[in-house]
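Keep the structure open as you read.

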Amino acid sequence: MSLRKLIVNKTMAALTVLFTVFSSANAFAQEAAAAATAKPVDMGPVHQNALFYVLLFLLLCLFIAIVGKALKVYELTRETQGKPEGINWNTVNAVIFALFLVVGLYGVYWEYTVHGTMISHMHEAASEHGQRIDEMFKLTLIITTIVFILTHIVLFAFAYFYRASDKRKAYYYPHNNTIEKIWTIVPALVLTLLVLKGFLTWRSIFYKVEDPKNRAINIEVTSSQFLWEIRYPGTDAIVGKKNYKLITAINSLGIDFKDKNSLDDLMAEEIVIPVNKPVRFILTSKDVIHSFYMPHFRVQLNTVPGMTSYFEFTPTITTEEMKTKLNDPKFNYILLCAKICGANHFNMQKNVRVVSEKEYQEWLTKQTPYLTNDLRKAFNLPVPVEAAAPAATEAPADTTATAAKVALDVKNQLALKK
Amino acid sequence: MSTISLHDTHHDDHGHGHHHETFLTKYVFSQDHKMIAKQFLITGIIMAVIAMLLSILFRIQLAWPDKSFPLLETFLGKWAEGGRIKPDFFLALVTIHGTIMVFFVLTAGLSGTFSNLLIPLQIGARDMASPFLNMLSYWFFLTACLVMMGSFFTQTGPASAGWTIYPPLSAVPKAMPGSQIGMTLWLISMVLFVASSLMGGINYVSTILNMRTKGMDLWKMPLTIWALFLTAVLGILSFPVLVAGVVLLVFDRSFGTSFYLSDLVFGTQILPNEGGSPILWQHLFWFLGHPEVYIVIMPALGISSEIISVNARKPIFGYHAMVYSLMGITILSFIVWGHHMFVTGMNPLLGGVFMITTLIIAVPSAVKTFNYLATLWRGNIRFTPAMLFAIGLVSFFISGGLTGIFLGNASLDINLHDTYFVVAHFHLVMGSAAIFGMLAGVYHWFPKMFGRMMNPKLAYLHFWVTFICAYLVFFPLHFLGLDGVPRRYYAFTEFEFMNKWLTVNVFVTWSAIVAALAQVAFLFNFFYSIFRGKKAPQNPWDANTLEWTTPVEHLHGNWPGEIPTVYRWPYDYSKPGAEKDFIPQTVPFSQTMSSNLPHDFEGNEEAERIQKEWEAKNKPVQE
């Protein structure tokens with residue numbers, strides 16, 4: 001026994017030495033810090049700080065080592081005295097499992113109630129299909145929560161009640177086909193229910209029958225690193241054609257103004273949509289994949305370069321109504337990017353406002369068209385008289401390629417002017 | 001069979017110590033499956049520590065986005081100028097953390113280690129079918145790791161387009177700095193890695209199919225072997241698709257092709273690529289990527305099946321159902337990849353189909369969970385460290401699996417896709433669960449690997465801190481996702497509605513730091529016990545499987561004499577009538593007459609007759 005104690009003491013001594021070494025290193029660090037005050041950032045306190053935490057951790061390790069040694073000494077004494085094992089670790093672990101179950105269940109309750117209520121937009125979806133998604137969500141949440149709680153109770157209760165004991169022998173029970181059939185079929189049935197409901201919800205979102213009396217408003221959104229460009233269709237309700245090859249400094253979307261539908265297209269700084277009217281977002285991307293994500297409306301679809309995708313939905317709550325509902329005067333709907341797209345992925349946002357039909361029409365009249373005088377020149381379109389052009393008179397642009405080239409020339413001239 | 005017997009005589013004739021082993025052939029270019037397993041394990045552990053440290057770095061950024069940590073600049077230089085991690089580097093951290101964890105730790109580190117260790121030992125083979133290929137598999141893996149880590153030493157930094165490297169972000173060098181040389185290195189590393197895992201996989205499958213010992217028919221194999229077998233099959237069928245995808249991406253990046261690229265404009269520069277589709281990459285990637293998550297979790301499930309049975313001292317409940325559910329998962333995992341692409345804008349009809357297949361996969365998973373619970377029922381559970389981790393795995397598998405029912409539902413995925421809900425989901429179900437399976441395996445088979453025992457008390461500490469902290473880290477993240485916070489966001493400061501989650505982020509980061517510190521207990525325990533641990537007995541856990549019949553001191557060829565013959569399935573624990581509470585697979589039924597059950601003989605009438613005669617003779621004596 002004395003040998004054991006000696007070893008214990010030796011380990012402790014060694015750790016104390018280690019400890020003192022680190023403390024003196026700390027002192028050295030202080031000196032070094034004093035010497036290096038000329039640097040822009042004084043690293044002295046930083047190192048000291050870091051060292052402090054390292055020491056703290058080592059102290060913790062020391063503490064754990066001491067506890068470990070103490071336990072060992074205790075067990076060895078029991079052993080030499082011929083008594084049974086001092087600590088029954090099976091019981092200890094089983095009790096911790098039981099505690100974990102109780103505390104864990106409370107933790108889950110706390111999470112559901114505290115963090116669950118922190119979810120601002122979860123109160124109510126602000127769109128028609130969103131309400132259906134929320135129903136689906138609630139059903140899934142209820143089912144999964146029940147399974148989650150029950151299986152965990154069973155798991156940890158079994159761990160507690162069937163902990164090892166010398167008096168008992170485990171029950172040899174290799175299989176029971178009836179039970180196995182039951183717990184194959186029951187989950188299958190529940191999942192069938194979820195699949196069916198999910199499938200119907202999914203269909204109702206993406207398979208829309210167009211109602212000629214209530215046509216959706218087309219709004220085009222183009223993503224690029226790291227901004228969203230919005231295009232409204234203007235009076236003809238059709239967003240004109242565009243072609244990425246036409247993109248220039250002044251025609252950032254590459255709108256093809258040879259298409260008459262493009263002429264009245266409007267540029268917008270924010271997305272404004274009328275309440276209770278279907279809107280159809282036409283989604284494209286210029287460079288990488290982004291994701292058009294508006295959580296309040298339960299809307300998300302990737303914007304993929306080279307592919308146009310569509311998401312149609314009907315907002316049901318105006319921004320003002322939502323402000324009063326949430327009792328949050330600062331509330332705003334938001335458009336975010338949900339697909340990793342580069343350094344500024346975390347800040348690629350656009351304001352979204354849902355307004356009444358009247359406000360929407362008013363707002364529309366204030367938006368500027370895409371077609372500027374420079375673009376008119378580039379596309380050989382008649383330019384209103386008051387704005388005479390200094391350049392681009394010799395542009396016989398006919399094909400798209402030359403049009404782009406001319407536009408580039410214009411851009412260069414503009415650059416020169418600056 | 002003839003090859004096996006030839007192999008046997010070879011060993012009997014030449015004996016041991018005949019061919020000299022140098023340090024180089026024993027520890028470095030070893031062709032012994034046990035040494036290769038150790039190489040995989042230690043490399044995997046080192047990569048796991050690196051990936052964990054990377055995650056702590058980005059967790060620090062998320063928790064304290066406005067604070068400066070000058071120490072970070074000391075270590076990271078220009079990537080943390082002024083003591084704050086840059087957005088580009090943040091994305092690199094996220095990307096490399098994911099890549100290392102998924103491929104290097106949970107595929108190679110888990111599957112590589114335990115396939116190499118357990119397949120020959122548990123089926124009764126001298127070594128792998130091709131030891132040389134096996135060695136190459138490790139060296140390709142190590143090279144892949146080195147190339148990946150090498151990308152940290154490039155001017156523009158490592159790949160940073162996310163571990164799924166969706167083009168065009170990953171394909172166009174000017175899209176982000178990480179898509180320059182860093183992405184090239186990522187792709188090279190991945191090709192090497194796939195080569196490694198294919199060599200490994202082919203080896204595992206051929207070993208299991210051809211080199212089982214006498215009596216070891218497929219239905220007598222331990223569930224670990226079943227899981228490792230099906231994992232290897234999954235890998236062989238899916239990894240080549242990733243290589244195809246990667247090669248096309250290399251072409252797009254370096255040789256001007258347009259497989260994935262079309263209609264691209266950066267600033268005002270119009271790229272010449274036409275006709276490709278970024279969605280094609282996603283199909284190819286997830287055709288591997290989804291089986292990949294099962295490649296990650298299935299070995300962990302196999303390991304925990306074995307460990308739960310051994311330590312509950314009970315046969316695994318529903319052995320056949322366990323195997324069939326593994327097969328079901330294997331097959332289904334090939335037809336669910338589209339659930340990663342519900343919101344890419346692919347045809348909504350496909351979304352519906354993939355939703356159905358995805359939710360079906362919950363059925364075999366549920367069967368496995370219930371079978372685990374039934375195995376624990378009326379057991380005599382010993383909480384060895386391995387058992388604790390196996391129970392932890394079951395808990396994570398349930399928690400993470402259930403959130404999968406939300407994400408597999410296309411209509412719910414609309415709002416949850418690419419949010420923190422996804423992060424929480426897969427970190428529980430394939431991250432934590434698989435890591436716990438791996439740790440359970442390490443604690444369980446450490447005596448077999450190193451001939452010594454690990455300290456159980458440090459292991460208890462390790463388990464409880466890790467288990468609790470893993471839940472503290474990942475459970476709250478679900479709610480961020482439900483609130484619409486997208487993943488891979490550098491900071492939550494730019495959006496008003498995210499501000500309320502900043503305190504949660506601090507809490508999560510502290511939990512992650514504590515969890516990381518708890519791994520010190522494991523690392524110390526692991527490396528200390530290799531050299532100073534208590535000497536292991538022959539069969540420390542009283543287990544039935546074959547590996548515990550090999551000598552504690554390793555020898556090339558595993559068994560000194562003949563390879564033992566197998567007579568029974570591996571789960572005869574606490575069989576009524578038996579002397580001890582376990583009957584190893586090598587014990588013939590003739591030695592256990594008192595405990596034999598009618599179904600043990602699988603319809604062999606002669607054996608049944610002998611058993612009946614014996615019972616008739618012995619019954620009156622007992623009464």
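In chain B, helix 5 (residues 87-123) and helix 9 (residues 278-312) have axes that come within 10 Å and cross at roughly 40 degrees. That angle makes helix 5 of chain B oblique to helix 9 of chain B. Here axes are lines fitted to C-alpha atoms, for helices over the stretch in contact, and angles run from 0 to 180 degrees between N-to-C directions; those under 35 degrees count as roughly parallel, over 145 as roughly antiparallel, 65 to 115 as roughly perpendicular and the rest as oblique. Helices (H or I, at least four residues) and strands (E, at least two) are DSSP runs, numbered from the N terminus.

The crossing of helix 5 of chain B with helix 9 of chain B is left-handed, a term used if the near helix is turned anticlockwise from the far one by less than a right angle, with right-handed used if clockwise. Helix 5 of chain B brings residues including B:V102, B:L106 and B:F114 to this contact, while helix 9 of chain B brings, among them, B:E292, B:I295 and B:P299. Two residues are in contact if their C-beta atoms, placed from the backbone, lie within 7 Å. By class, the contact has nine nonpolar, two polar and one charged residues (Ala, Val, Leu, Ile, Met, Phe, Trp, Tyr, Cys and Pro count as nonpolar, Asp, Glu, Lys and Arg as charged, and the others, Gly among them, as polar).

A word on the source: this is a predicted model, in which local features need pLDDT of at least 70 and side-chain atom pairs count only at pLDDT 80 or more, while totals for chains, interfaces and linings use all residues. Residues are numbered from 1 along each chain as its sequence is written, and chains are lettered from A and ligands numbered from 1 in the order in which they are written.

Helix 5 of chain B also packs with helix 3 (residues 33-63) of chain B, at an angle of about 160 degrees and with the axes 8 Å apart. These two helices are therefore roughly antiparallel to each other, and their crossing is left-handed. Their contact has 22 nonpolar, nine polar and one charged residues.

Now look at where the chains meet. The contact takes 97 residues from chain A and 100 residues from chain B. On the side of chain A, helix 5 gives the most, with 15 residues. The residues of that side divide into 58 nonpolar, 27 polar and twelve charged.

Chain A also holds an open, mixed sheet of five strands in the order 4-10-9-6-7. Strand 4 (271-274) and strand 7 of chain A stand at the edges with a single partner strand each, so one side of each lacks a neighbour in the sheet. Strands pair if DSSP finds at least two bridges between them. Strand 4 and strand 10 (residues 350-355) of chain A pair in the parallel sense over four bridges, and A:P274 has A:V355 as its bridge partner. Helix 7 (residues 357-365) of chain A packs on this sheet, touching strand 4 and strand 10.

Finally, how confident is the prediction? The mean pLDDT (the predictor's confidence in each residue, from 0 to 100) is 84 for chain A, and 81% of its residues reach 70 or more. Over residues 387-418 of chain A the pLDDT is below 50. Where pLDDT is low, the predicted coordinates should not be read in detail.
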